[in-house]
Amino acid sequence: MSKESDWVLRFAASPRAPVVAGVLLGAVAVAESVVHAVTRGVDVRLVLVVGLLAAATTVPLAILRPAPAAITATAAAVLSLGLFHSFTTAGLCAQTMVLYRLGRVGGHNLATFLAAPFLVLALLGGGYLAAFTALFAPVAVWLGFALSARGEAQANHAARQAVVESLREHTARGERARIARELHDVVAHHISMIAVMAETARLTTPGMPAAGAQRLSEIGDTARAGLTEMRRLLGVLREDAPEEAADRRPQPGLHQLNELLDQARETSGAGTRLIVSGSPADLDPGVELAAYRIIQEALTNARRHAPGAAVDVELHYTESLLRLRIRDNGPGPPGTTPLGGPGHGLTGMRERVAAVGGRLHTGATSVGGFLVEASLPAGAVR
């Protein structure tokens, strides 16, 4: 788009456009009506009246709000056509603009009513300008209303998107806090083991130099201090979820996967199959926790959105990755992803995969059903 056309569009959308258009069209309309009246040999006093009516068909665009401007301009145009069979091209332009503005601000019912007299005048022989006005006026009303409706739709869509984004971010923050609370137990276990091993080495190693014993004591003290700070952090994370404060069970891993699948079979009454390939290995506890929760969430959503559908859970171990593949044979999502509920589903899966540096893919399959695929770094414990 050229700079000139861009400037024209910006000017047309500015509040000054009706003022400038009304003044210019008013001057043209008065001049046009006076010239037309003089050439027809109209009495001087009638020339003045015709000129005033011509001004009244255009100038309201510049000085009045949309509804009063449309009423005034239409009344003047109808009088000019009805009494003097006189109308100007500038008046036609102004009439189209005032009706468009009225439709644009939502007054389409009034605009439609004001457009009706021109059809009557055209049928009664009001001339070609009356016919053109009868033709263009409804178009202007419709265009103004259509743009108004589109603007409202865009505003409503933007508002809904803002709400959705806000809810999505709120859900993501909740999921991150929940993941952090779960990972706290895993990390706290390792820090506790550091403190225990340092203290055990200091007390059970015969002939240890005093400096070495001091270092081991400092390691234990540092580990215990770190554990205390982590518990304080956990208290902050649990402030928004007090009902979970008493849940101190060890966090699950893939060793508990068979129990999870048994529960899924009992709850859904459908077949749930586990397929393992590659060489199973003990993975980093955080990766195992993420894998367990992803499978758990996928099974929950399969029961919720595809009740009775069989589910395959596949684990493929490689040297660098653990690949998860959970697929049900249900009908698949009806147009929208079934795993997008607030606080559950895709949001939680994405956050868990991101927390361990993996990748996630979800969607309907070509043969029906819903598929969840995740690639997690193996991080095997050696």
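Reply: Let us begin with handedness: a crossing is left-handed if the near helix is turned anticlockwise from the far one by less than a right angle. In this predicted model, the crossing of helices α2 and α6 is left-handed in that sense.

Me: Why is α2 called roughly antiparallel to α6?

Reply: The axes of α2 (residues 16-39) and α6 (residues 89-104) come within 8 Å and cross at roughly 150°. Angles over 145 degrees count as roughly antiparallel, and α2 is therefore roughly antiparallel to α6.

Me: Which residues of α2 and α6 meet, and how do they divide by class?

Reply: From α2 come Pro18, Ala21, Leu25, Val28, Ala29 and Glu32, and their partners in α6 are Thr89, Ala90, Cys93, Ala94, Met97 and Arg101. By class, this contact comprises 9 nonpolar, 1 polar and 2 charged residues. Glu and Arg count as charged, and Glu32 of α2 and Arg101 of α6 are among the residues that meet.

Me: What makes α5 and α7 roughly parallel?

Reply: Helix α5 (residues 66-84) packs against helix α7 (residues 108-123) at an angle of about 10°, the axes being 10 Å apart. Angles under 35 degrees count as roughly parallel, so α5 and α7 are roughly parallel to each other.

Me: Which residues form the contact of α5 with α7, and what are their classes?

Reply: In α5 they are Ala67, Ala70, Ile71, Thr74, Ala77, Val78, Leu81 and Gly82, which meet Leu110, Leu114, Pro117, Phe118 and Leu121 in α7. The division is 11 nonpolar, 2 polar and no charged residues. Gly is counted as polar, and Gly82 belongs to this contact.

Me: How do you know whether Gln95 is buried or exposed?

Reply: Gln95, in helix α6, has a relative accessible area of 0%. Buried means under 20%, and Gln95 is therefore buried. Residues up to four places away in sequence aside, Gln95 touches Ala73, Thr74, Ala77, Phe118 and Thr133. Among these, Thr74 and Ala77 of α5 and Phe118 of α7 also take part in the contact of α5 with α7.

Me: Why does Thr347 count as buried?

Reply: The relative accessible area of Thr347 is 13%, and the cut-off for buried is under 20%; Thr347 is therefore buried. Thr347 lies in helix α12 (residues 346-355). Beyond its neighbours within four places in sequence, Thr347 is in contact with Thr171, Ala172 and Glu175.

Me: What makes Thr112 partly exposed?

Reply: Thr112, located in helix α7, has 48% relative accessibility. Partly exposed lies between the limits of under 20% for buried and over 50% for exposed, so Thr112 counts as partly exposed.

Me: Why is Val196 called partly exposed?

Reply: Val196, a residue of helix α8 (residues 128-204), has a relative accessible area of 46%. Exposed requires over 50% and buried under 20%, so Val196 is partly exposed. The C-alpha atoms of Val196 and Arg224 are 9.5 Å apart.

Me: What is the secondary structure of the whole protein, and how many of its residues are buried?

Reply: The protein has 12 helices and 5 strands. Of its 382 residues, 36% count as buried.

Note on methods
Residues are numbered from 1 along each chain as its sequence is written. This is a predicted model: local features need pLDDT of at least 70, side-chain atom pairs count only at pLDDT 80 or more; totals for chains, interfaces and linings use all residues. Side-chain values use heavy atoms; hydrogens and water are left out. Axes are lines fitted to C-alpha atoms, for helices over the stretch in contact, and angles run from 0 to 180 degrees between N-to-C directions. Helices (H or I, at least four residues) and strands (E, at least two) are DSSP runs, numbered from the N terminus. Angles under 35 degrees count as roughly parallel, over 145 as roughly antiparallel, 65 to 115 as roughly perpendicular and the rest as oblique. Contact means heavy atoms within 4.5 Å. Buried means under 20% relative accessible area, exposed over 50%, partly exposed in between (1.4 Å probe, protein chains only).
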